[in-house]
Amino acid sequence: MANLRPIDLFRGWPAPDLIPVQSFQEAAARALSDKITSGAGFGYGPDEGYFPLRQNIAQWLTGFYGPREAITASRICITGGASQNLASILQVFTDPLQTQLIWLVEPAYHLVFRSFEDSGFDGRMRAVPEDEEGMDVHALEAALERHHAVGSNENSSNGYVTKPHRSHRKIYKHIIYCVPSFSNPSGTVMTRPRREALVRLARKFDALIISDDVYDFLSWTGSSRKPVGSQIQRLVDIDRTLDGGPLDRFGNVVSNGSFSKLLGPGCRVGWAEGTEGLVYGISQASVAHFTPFDIISLSNTSPPSGQTKSGGAPSQLISTFINELLESGTLQQHISTKLVPEGHRRYSLMVSAIKERLTGLGVTFSQGPEETTLVGGYYVWVKLPDSIDANQVCQKALETQNLDVGNGGLFAIPGGGSGCKDLHRRLRLCFMWEDGEHLVEGVNRLSLVIQTLLGDMQSRVTV
Ligand SMILES: Cc1ncc(COP(=O)(O)O)c(C=O)c1O
């Protein structure tokens, strides 16, 4: 172990060689050498973000997803990435005294749990199971109906609210969180009928769907390297047109986009798309911290200071660089000539290694280029043989093989009941961080760990 190079199949970052550093340098030089652009970049940005970037994102998304109607800049606001934006959305559109429950697909992207807890929803997250068609919308509907049938403490706030009334917001009764395309960690793509059913359900129960769409651009079909974005109809596109369109000016879906997986997480730039009312609301996010005393004493005449009002749009300077990348077509080219072919190559490499080294040991996984037409994202979600536990594997992999893998248990909703029953037998393996021999070597080391554990079990049975 001492001499083994560390291999990290857990980290969900783009590898350093997938970051377009040179293009970034050129884009930054162009932005900084133009007086108007750099002047805008170094200032406090408008609440909704750098307007040229909003326009270019709108155009880019229209070209990629091909919605019925073109996406306009007014439907987009600039964010500090999907995580920052999740916190802003909760800040603006929820109130722990009025919003009841947070429903998350399970397995879920584990790093969102803290955001929900810190926004007042500790103990109020609920797991919704997923199958090969994505979130089980029937199960969600049944759970929502049960919740409301048992008199769900709808009026428990006794008239108190933690946030003042503002015309730019509404407080939703429920939040539904999901990653409908190339989900983290399971890689699942939600089907169109499920997406429509989910939007209808959100409307029925006054829920806001927060749809993390951060992997949509990284997709390919099993047999070709062509991006297949237009096959995806986002929840936000569905909300725009389904049954005559949104029920009110806020709608029921926000698409949470990010440049982290496309350009590098350090950019800290993303975008939100939704109705004009919803994105304007996000752009008015506040970061006021409330104490129980505030809850009682707060009145409409003492509003909290707003984070954007005081600090301007997030990531304003980098927004001007990314705008250069989009306007020149460099980002689009980077995705189609580098990220998608590389994703396809690394994915195939990992899948071949899994088939060669792990399936004979009883490990299974749900995706494969031959078996599915739509593949993408960053992860392969594998299932261990019955007798083996993910905790044991992760611990032994680290101790004996200097190998880090994602423990399935991490993706369980804290205290949220059982959505996915076999998380203790699951591992998430990322194929976008390590490459080539290290990717294959990582899978080989994992197979050694599993063999050892199977051997231990065997000898225990024999003794
Ligand atoms: C589903 C999902 N949402 C959000 C993020 C984080 O995005 P950002 O870097 O834009 O905050 C990740 C990163 O792994 C993710 O997988």
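Trainee: In which helix is arginine 346 found?

Mentor: Helices are DSSP runs of H or I with at least four residues, strands are runs of E with at least two, and both are numbered from the N terminus. Arginine 346 is in helix 13, which covers residues 330-357. This is a predicted model, where local features need pLDDT of at least 70 and side-chain atom pairs count only at pLDDT 80 or more, while totals for chains, interfaces and linings use all residues. Residues are numbered from 1 along each chain as its sequence is written, and side-chain values use heavy atoms, with hydrogens and water left out.

Trainee: Does arginine 346 count as buried or exposed, and why?

Mentor: Buried means under 20% relative accessible area, exposed over 50%, and partly exposed in between (1.4 Å probe, protein chains only). Arginine 346 counts as buried because its relative accessibility is 0%.

Trainee: Which residues is arginine 346 in contact with, leaving aside neighbours within four places in sequence?

Mentor: Contact means heavy atoms within 4.5 Å. The residues in contact with arginine 346, with those neighbours left aside, include Ala15, Asp17, Leu18, Trp433 and Glu434. With aspartate 17 there is also a polar contact of 3.1 Å between the side chains. A polar contact is a pair of N or O atoms within 3.5 Å; within protein, one must be able to donate a hydrogen and the other to accept it, and residues adjacent in sequence count only if both atoms are side-chain atoms.

Trainee: How many residues surround the ligand?

Mentor: A residue is near a molecule if one of its heavy atoms lies within 4 Å of it. Here 14 residues surround the ligand, and the closest are Ser83, Tyr215, Ser258, Ser260 and Arg268. An oxygen atom of the ligand lies 2.4 Å from a polar side-chain atom of arginine 268. For tyrosine 215, a polar side-chain atom is 2.6 Å from a ligand oxygen atom. Alanine 82 has a backbone N or O atom 2.7 Å from an oxygen atom of the ligand. On its own the ligand has 400 Å² of accessible area, and the protein covers 93% of this; the areas come from the Shrake-Rupley method with a 1.4 Å probe, and for residues only the protein chains shown count as cover.

Trainee: In what order do the four strands of the open sheet lie?

Mentor: Two strands pair if DSSP finds at least two bridges between them. The order is 11-13-16-15, with antiparallel pairing. Strand 11 (364-365) and strand 15 (406-407) are the edge strands, each pairing on one side only. Strand 15 pairs with strand 16 (residues 426-430) over two bridges, and glycine 406 stands opposite arginine 428 in strand 16.
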